[in-house]
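User: Please take a close look at one part of this model, the packing of a helix and the aromatic pairs around it. I would like one connected account.

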Amino acid sequence: MSEPDQNTIEPPLAELPIAVSEAGFYSGFSKHVTIPSKIIVSLLIVWAIAFPLNAGKVLGIANTTLIQMFSGWYVWLVGGFLVLSIVLAALPASGRLKLGREDDVPEFSRFSWFAMMFGAGLGIGMLTYSTGEPLAHLQNNPVIIAGNAAPLTESAVRSAYLYSFLHWGFSAWAIYALAGLSIGYVAYRRGLPLTIRSGLAPLFGRHLTGLPGHLVDIVAVVATILGISVTLGLGVEQFVHGLHRIGLGDWLISEDQTASTAAIVIALLVIVGASTLSALSGVGRGIKWLSNLNLVLSLVLFTAFIIAGSALVGIGIFGQGLIDYLFALPALSFGGASSDGSAIGDAIAQWQLDWTVFYWAWWIAFAPFVGMFIARVSKGRTVREYVLGVVLAPALMCFVWLTLIGGTAVDLVLSGAGEGNIIGTVISDQLFATIAALMSSPLAYIFSILVVVLLLTYVITSADSAILVVNTINSGGNDGDHGRRHIIFWGVAIALVVGSLLVVGGLGAIRTAMIIGALPFSLVSALLALAVVKAIWRDTIRMRHGVDCTPLPADSLGEDNPV
């Protein structure tokens, strides 16, 4: 296909007006997005609180149906995201383009940039699953189901880490990277609002100023609230188990070893209260400070495990696991969750639905939040630096965390030193059980307190980042000062969603609600990927013809202006 004639090449769309109220309670906010989003989330809360049995039943049916129906869609979509991220970073034409003008420089240092990405993206999950996931896969995974390894033995370690790396590796961060890139590219190069609908402007142009754009942002807000609810649900459960470990009373834990209702309420009051205060202070102050504290405390815990844990075992697992992962990644990225009709095939397919497909849905539900947040803190970086920083660095850190912290737990279990104490506990308590089995009582108590504090800072960072992202979307991309009342509303709403669903059906109910919210945004995510490809392709053509690719917003741009 031939390129357009030079005379027909125009600058990209540099304006996407989003109507916001000029006065009143919703001053500075789009009523078309904010009010429907609040209504949808409020109805979910009322439903879960007023009709808990019905809510639990419906969510259970929805979970089974949606996961089975759309498993192939999720698998191929996430695999495609990873391939596209690699291509955009590798190609010279796209890799050298900057998220901003040529003279723009990054707002944050690489240390703060990485700390904020890791804290907002996977911090809480890593504290829960650093031990929980390797131990779960050590007991059951497709290799074990197929009879090629025995559970809780050395033969199951490699496959346990193969799937742990898959779920926390490059694929997860590629989802975030493309969502953030599509938004940041048009926001910082073209001056479009920092919101989800702007990322689709290369495909739909000014049509996004109306109903289609409102629907996209509403879907993003609801997905963000449900995605962060899963993470906060994990955080609340582990936070309560940590308080129990440091001796604050048996009332914190119910008979089934989950957090008691009273403990959930108190934990949410502390977490959401602190998160709301941090959100009121903005990204440059509260969130940046907490993110740096997260990374420092993580390094302290990490160092302790290097000294006292099974560091040599972890190094061996990391090396072997990384090789296994890289070789298996192409097949695993596009391998569906279908069965061959045999009992073993059915069991493997169900395992993939319960683990891999769930993870892909979780990361996609988290994409508007993490993608928007990463875009917010990534201005001035090239596409190559952005993709490598977002996809590779955090994923490798997850691998190190899984192999050192989780490897120590695996080593304790296989040696017999912690099998009953670690395997016999719920996933939210396994990190604390590992510390107790590894260290003497006084030292274990100190580091349990450190984990509780670290967990609290991670939870607060994730929640306040989500609140700010939701308000940015609701305000038409304005990432400046937001109304205090709206920040408080979303803080309370998140607490009620997490609390009501935890009481209705535990973490399973939150996971199911998230899967429902992730489905419509998965389509938006696919369109965002196509949009950023088109935007970069068009900019490379403009650059070859000397047309400005980073214009300032101008009223003179027509409705049919190419994007």
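Analyst: A residue counts as buried when its relative accessible area is under 20%. The model is predicted. By that cut-off, Tyr 176 and Trp 363 are both buried, and Trp 168 and Trp 362 are buried as well.

The helix to begin with is H8, residues 157-168, which packs against H15, residues 311-333. Angles from 65 to 115 degrees would count as roughly perpendicular, so H8 and H15 are classed as oblique to each other. Their crossing is right-handed. On the H8 side the contact involves Val 157, Arg 158, Tyr 161, Leu 162, Tyr 163, Phe 165 and Leu 166. H15 contributes residues including Ile 317, Phe 318, Gln 320, Gly 321, Asp 324 and Tyr 325. Of the residues in the contact of H8 with H15, 13 are nonpolar, two are polar and two are charged.

Next come the aromatic pairs, of which the whole structure holds 28. One of them joins Trp 168 to Trp 362, edge-to-face, with 6.4 Å between the centres and 80° between the planes. Trp 168 belongs to H8 and Trp 362 to H16, residues 343-376, and the two are 194 residues apart in the chain. Tyr 176 and Trp 363 also pair: the ring centres are 6.3 Å apart and the planes stand at 75°, so this pair is edge-to-face. Here Tyr 176 lies in H9, residues 170-190, and Trp 363 in H16, with a separation of 187 residues.

Notes: Residues are numbered from 1 along each chain as its sequence is written. This is a predicted model: local features need pLDDT of at least 70, side-chain atom pairs count only at pLDDT 80 or more; totals for chains, interfaces and linings use all residues. Side-chain values use heavy atoms; hydrogens and water are left out. Axes are lines fitted to C-alpha atoms, for helices over the stretch in contact, and angles run from 0 to 180 degrees between N-to-C directions. Helices (H or I, at least four residues) and strands (E, at least two) are DSSP runs, numbered from the N terminus. Angles under 35 degrees count as roughly parallel, over 145 as roughly antiparallel, 65 to 115 as roughly perpendicular and the rest as oblique. A crossing is left-handed if the near helix is turned anticlockwise from the far one by less than a right angle, and right-handed if clockwise. Contact means heavy atoms within 4.5 Å. Ala, Val, Leu, Ile, Met, Phe, Trp, Tyr, Cys and Pro count as nonpolar, Asp, Glu, Lys and Arg as charged, and the others, Gly among them, as polar. Rings of Phe, Tyr and Trp (its six-membered ring) pair if their centres lie within 6.5 Å; planes under 30 degrees apart count as stacked, over 60 as edge-to-face and the rest as tilted. Buried means under 20% relative accessible area, exposed over 50%, partly exposed in between (1.4 Å probe, protein chains only).
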